[in-house]
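Subject: Structure for your review

Dear colleague,

Please find the sequence and the structure below. A summary of what was found follows.

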Amino acid sequence: NFFFSRQLNGVRISLHRNLFTSLLLNALCDIWFKVYILNSKSGVASPIRENDALCKVVLLLTKYFRLSNYLWMFCEGLYLHRVISSSFAQNERLVVFYSIGWGLPLAFVLLYALFRALFSDTDCWAFPTSYSEWILYVPCLFSLLVNTIFLVNIIRVLMSKLRASHSQESSQYRKDIEAINVMTMEFDPIVSPQLGTSSLREPVQHK
């Protein structure tokens with residue numbers, strides 16, 4: 001089993017586990033939010049009109065796990081970049097990645113909740129406002145930008161290593177490239193719909 005097997009240990013596998021966990025939890029919360037909030041019957045007693053606390057909690061959980069998707073992808077990129085660029089990356093401490101993947105999203109979501117409570121405490125926070133949404137958009141865009149930089153640099157480093165005269169080292173880096181290709185093909189159909197630009201959009205308000 002991917003999540004519980006003792007043979008699947010190490011930083012890389014732990015990063016994969018946490019990324020898939022955040023994807024799963026985000027999907028569950030997103031379904032919960034859409035079923036409980038957006039698809040609820042319109043009327044005086046609807047959760048959005050009542051602006052109730054549970055509605056806000058469900059929304060914040062959805063936003064938290066969505067942001068954690070981006071930051072766990074950033075952790076994946078950061079670790080791979082350090083593995084390729086440095087021989088000391090295998091000794092990375094997981095607490096750093098846990099702080100980024102689970103801790104930072106909590107800080108941003110709490111800040112978002114504070115802004116919504118103070119300046120736009122309406123409609124169960126289900127519909128975006130002009131400024132507060134950027135509290136969550138900025139770290140997502142930062143993650144995408146930095147991961148793109150990581151990818152370019154990883155390709156540059158691998159290409160330079162492949163040109164090296166040491167055949168054994170070149171063979172190892174060829175294996176690294178194959179591993180990156182396989183991981184990309186596995187992650188693309190799962191991660192792209194969730195982490196693409198479409199996930200930055202909020203549901204259209206129903207009137």
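The side chains of lysine 63 and glutamate 133 form a salt bridge, at 3.4 Å from N to O; the term denotes a side-chain nitrogen of Lys or Arg within 4 Å of a carboxyl oxygen of Asp or Glu. This pair joins distant parts of the chain, 70 residues apart: lysine 63 lies in helix 3, and glutamate 133 in the loop between helix 4 (94–119) and helix 5 (134–162). Helices are DSSP runs (H or I, at least four residues), numbered from the N terminus.

Please note that this is a predicted model, in which local features need pLDDT of at least 70 and side-chain atom pairs count only at pLDDT 80 or more, while totals for chains, interfaces and linings use all residues. Residues are numbered from 1 along each chain as its sequence is written, and side-chain values use heavy atoms, with hydrogens and water left out.

Lysine 63 counts as buried at 5% relative accessibility, and glutamate 133 counts as buried at 2%. Buried here means under 20% relative accessible area, exposed over 50%, and partly exposed in between (1.4 Å probe, protein chains only).

Glutamate 133 also forms a salt bridge with arginine 116, with the closest N and O atoms 3.3 Å apart. Arginine 116 belongs to helix 4, and the two residues are 17 apart in the chain. Arginine 116 is buried, with a relative accessible area of 1%.

A search of the whole structure finds five salt bridges. Another of them pairs arginine 66 with aspartate 30 (3.8 Å, N to O). This pair too links distant parts of the chain, 36 residues apart, with arginine 66 in helix 3 (residues 53–85) and aspartate 30 in helix 1 (residues 11–38). Arginine 66 is buried at 15% relative accessibility, as is aspartate 30 at 19%. Asp30, Lys34 and Arg66 are linked in a network of salt bridges.

How are helix 4 and helix 5 arranged relative to each other? Their axes, which are lines fitted to C-alpha atoms over the stretch in contact, come within 9 Å and cross at roughly 155°. Angles run from 0 to 180 degrees between N-to-C directions, and those over 145 count as roughly antiparallel; helix 4 and helix 5 are therefore roughly antiparallel to each other. The contact (heavy atoms within 4.5 Å) involves Phe108, Val109, Leu111, Tyr112 and Phe115 of helix 4, together with Ile135, Leu136 and Pro139 of helix 5.

Yours sincerely

Methods
Angles under 35 degrees count as roughly parallel, over 145 as roughly antiparallel, 65 to 115 as roughly perpendicular and the rest as oblique.
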